[in-house]
Amino acid sequence: VTELTLIEAVRLALFEELERDSRVIVLGEDIGQGGGVFRATDGLQARFGRERVIDTPLAELGIVGVAVGAAMNGLRPVAEIQFADYIHPAYDQIVNEAAKIRYRSNGAFDCPLVIRAPFGAGVHGGLYHSQSVEALFTHIPGLKVVVPATPYDCKGLLKSAIRDDDPVLFFEHKRSYRRVRGDVPADDYLVPIGRADLKRSGTTLSVVTYGVGVHQALEAAPTLEAEGISIELLDLRTLAPLDHEAIAATVQHTNKVILLHEDNKTGGVGAEVAAFIAEELFEALDGPIVRVAAADCHIPYAPALEAAIIPSVGDLLAAARRLAAY
Amino acid sequence: MAELSAQQRLHLYELMLLARALDERQQRLVPAAAWPLVLSCRGREAAQVGGAAALHAGRDILAASPRSLAAVLTLGVSPAAVLLEALARAAGPWSGGRQLPGHFADRSRRILSCGRDRGTQISRAAGAALASRLRAERAVTLCYFDAADSNGGDFHEALNFAALHHLPVVYLAEQDGWAGRAPFACRSPVDSVARRAAAYGLPAEQIDGSDLDAVHRAAAVAAERARRGDGPSLIEARVARLPAPPRETERRAGPTEPRDATPPADDPLVRCAATLRDAGLLPDQLQEQIVARVVSQVEAATADALAAAEPTARQALPPSGVRVRSAPP
C-alpha cells in the first residue's frame, strides 16, 4: 500500500493495464513524450512504445473516431481528452457511434473504449477549462459514466472501465488531482462500475454527491457534527448506471437528502437522482429534496466571480442546517 | 499488379447486376409510407465491386457507407441478408430490425458496423487500420465514402491522422459530381477530393469509377502499398449519377411521368457489358444465363424476406451489456 495522489492513481492504473493486456492502447494530445498536461501518462510511452502510447493531433473528433474504429477491431483504447471542455467536437462519435454500436449491430460488435477527461472548476481555468460535462453523457443509452473521488476508487474504477466491453466516460476532477491523497494497494484490485460507496455513516441527513463534492462533504461533516447534525455521505462513483439501491438505502435511513454537485443545477445528475427519489421513495422523505449545485451560468475566470458560481462548503453547511431544521 | 482474369471479370459483372437488381428491389419493397431513406448504390457498382475485389477476404477490413451494397455483396453477403434488413425482419443479420436498410455489419466478413452517414466511417477506418497494424496482420482497411463527405470534419481529422501514422488504409471516394441536392462545386471550392487528400500527403488519384478494371487496378495498387507499410492513399472514383430507380421517381413525380428507357452511356453496367462483349467474353446466351441467375436469386431472397417474422416488442430492448436502467449484477 502506497499513499498516492489521484493523478498518480490514474497513471498507475494505466501502467498496470498496459502491462497486463496487449490490446490496451492510450492515445491523446501530447500524452506520449510530453506525458500529458497533467502528467497522467508520464513515462508510459518510454515504457510501452509509440505504437501503444500514441500522440495525436489536437483534434478531438478524430481522436475519438480513431479510438472507436480501433475498439471495433479488437483493441481497448483509452483516449485522453485534454480537458473535458474539449470533448464537445467528439460528441457525435461518442453519442452516434460508440454508444450505439452494440445496439445497432444486435450485439455483433462492441466498443470497449474508455474516454478519460479532467473536468471541473475551482482552478481558475475560465470558461474552457472548468466545465462539468458529465450530465450530457448520462442521458445517453449505451454509455457508462464514472467519476472517482479517491485515489483508491480511481485506480480500481479505471481498471474496471478498461476491462468493460462498452464505452465508459471517465471524468477526473482536476482540482482533486494533487490535493487528494489516499492509500492505494499495489495489487490488481477492481472497483465495480455501477456501485456507489458509503463514505460516511450518519443519521440526520444524507449528502449524495460525487467527485469534488465528496471532499466538500467530508470537510463539512465535523462542523455539522459539532452542531448535532450527523451527515451520511454517499459517493455515487458511477453516474450511469446509477446505483438506485444504494440511493434508496441512504434515503430510507436518514429520510432527508441533499444532492450536491459542481455541475449546473438545471438538468444535472442531481435532477435525475431527485426524480428517482420522488418517484420511488416519496414515503421515506421527511423533508424536501435539496439540490446544492452551480448556478446556471458559465464558469468565469476571476476568483471572486468563479466562487460566486460554484457551490462551496459554506453553501453545503447552510443547506444542511436548513434541511436539518425542517 | 495482377489483372483480373476473364472468369473474375464475369463474376464481378454478375455481382454488379445483382447489386443493381437488389437495390431496385429494396426500393420497391420498403413500405411506401416509410421515410425514403434506402440509400442507393446505383451507378457506383463498378467502383464498389472493383474495390472490394482487391481485398483479401477474411483478413482485410471494409469500412462501408450505407451505399456500399455492391461492395458487401462482393465480400459474400447474401441477397437474403440485404432484404431481411430492408424489411426490418427479426432475422436481419446486421441489426435485426433496429437500423435503416443498408447499415451493414458483418463480423465474420470483417465489415465494420455502419452508423450515421456523412463520413463517420472515415475516422473509424483509420482506427481499424491502427489495430491491424499493431497486431502486425498485414491487413488493409478499405473505406468507402461519398465525395460530399470530404466537406466534413471526420474526413480532415482522419486523413491527417492516417497520414501522420502511416496507417494501412485505402480511402475510396465515390464522386458523382453532387453534394446533396447541389452540384459538388457549389459546396466545395476545391473541385476534387484527390486534391484535398494530397494536401495531407496522401498519394491520391482520380479514376474512371465506371471502369471495373481501372478501379480494381487502382485499389489493388493502393492496398498493396498499405500492406507494405507505405501508408494510406486515396482513390477518387468518378461514378455515374443515374436517374432514380422507379419507386423514387413514382413517389416524387407521380406514375404518369414517362421514363426514359435508354440506359445512360456512363452506366457502369452498360460499360462493363460492352467491354466484356468486345473481348468476346459475353455472348448473348451467357448474358441471358447471368440475368436469369440474378433474377432467381433476387426472387428467392424476396420470398424468404417476406416470409420472415417481424421483431417483437421484446426485441427492442438492448442486447446484454447495454445499460437500460439499473446497475449491472
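Mentor: Start with confidence: pLDDT is the predictor's confidence in each residue, on a scale from 0 to 100. Chain B has an average pLDDT of 90, and 89% of its residues score at least 70. In residues 253–258 of chain B the pLDDT is below 50, and the model gives this stretch 3 contacts beyond near neighbours in sequence; a contact means heavy atoms within 4.5 Å. Residues 321–329 of chain B also stay under 50, and for these the model has 32 contacts beyond four places in sequence. The model as a whole scores ipTM 0.96 and pTM 0.95.

Two notes on conventions come next. Residues are numbered from 1 along each chain as its sequence is written, while chains are lettered from A and ligands numbered from 1 in the order in which they are written. The model is predicted, so local features need pLDDT of at least 70 and side-chain atom pairs count only at pLDDT 80 or more, although totals for chains, interfaces and linings use all residues; side-chain values use heavy atoms, with hydrogens and water left out.

Of its 329 residues, 54% count as buried, where buried means under 20% relative accessible area, exposed over 50% and partly exposed in between, with a 1.4 Å probe and protein chains only. Among contacts in chain B between residues at least 6 apart in sequence, 74% join residues at least 24 apart.

H1(B), residues 6–29, packs on H2(B), residues 45–52, at about 130° with the axes 10 Å apart. Because of that angle, H1(B) is oblique to H2(B). Axes are lines fitted to C-alpha atoms, for helices over the stretch in contact, and angles run from 0 to 180 degrees between N-to-C directions. Angles under 35 degrees count as roughly parallel, over 145 as roughly antiparallel, 65 to 115 as roughly perpendicular and the rest as oblique. From H1(B), B:Leu12, B:Leu15, B:Met16, B:Ala19 and B:Arg20 meet B:Glu45, B:Ala46 and B:Val49 of H2(B). These residues divide into 6 nonpolar, no polar and 2 charged. Here Ala, Val, Leu, Ile, Met, Phe, Trp, Tyr, Cys and Pro count as nonpolar, Asp, Glu, Lys and Arg as charged, and the others, Gly among them, as polar.

H1(B) also packs on H4(B), at about 20° with the axes 10 Å apart, and the two are therefore roughly parallel. This crossing, too, is right-handed. B:Leu18, B:Leu22, B:Arg25, B:Gln26 and B:Leu29 in H1(B) meet B:Pro79, B:Val82, B:Leu83 and B:Ala86 in H4(B). That contact has 7 nonpolar residues, 1 polar and 1 charged.

Now follow the chain past H4(B). B:Arg110 sits in the loop between H4 and H5 of chain B. Its phi is near 60°, a positive value in a residue other than glycine. Most residues other than glycine have a negative phi. B:Arg110 counts as buried, because its relative accessibility is 19%. The loop between H4 (79–86) and H5 also holds B:Arg118, which counts as exposed at 55% relative accessibility. B:Arg118 and B:Asp146 are 28 residues apart in sequence, and their C-alpha atoms are 7.7 Å apart in space.

H5(B), residues 120–134, contains B:Arg124. With a relative accessible area of 1%, B:Arg124 is buried. Residues up to four places away in sequence aside, B:Arg124 touches residues of both chains, among them A:Gly65, A:Val68, A:Glu97 and A:Arg104, as well as B:Leu112, B:Ser113 and B:Cys114.

Definitions and conventions
Helix = DSSP H or I, 4+ residues; strand = E, 2+ residues; numbered from the N terminus. Left-handed = near helix turned anticlockwise from the far one by under 90°.
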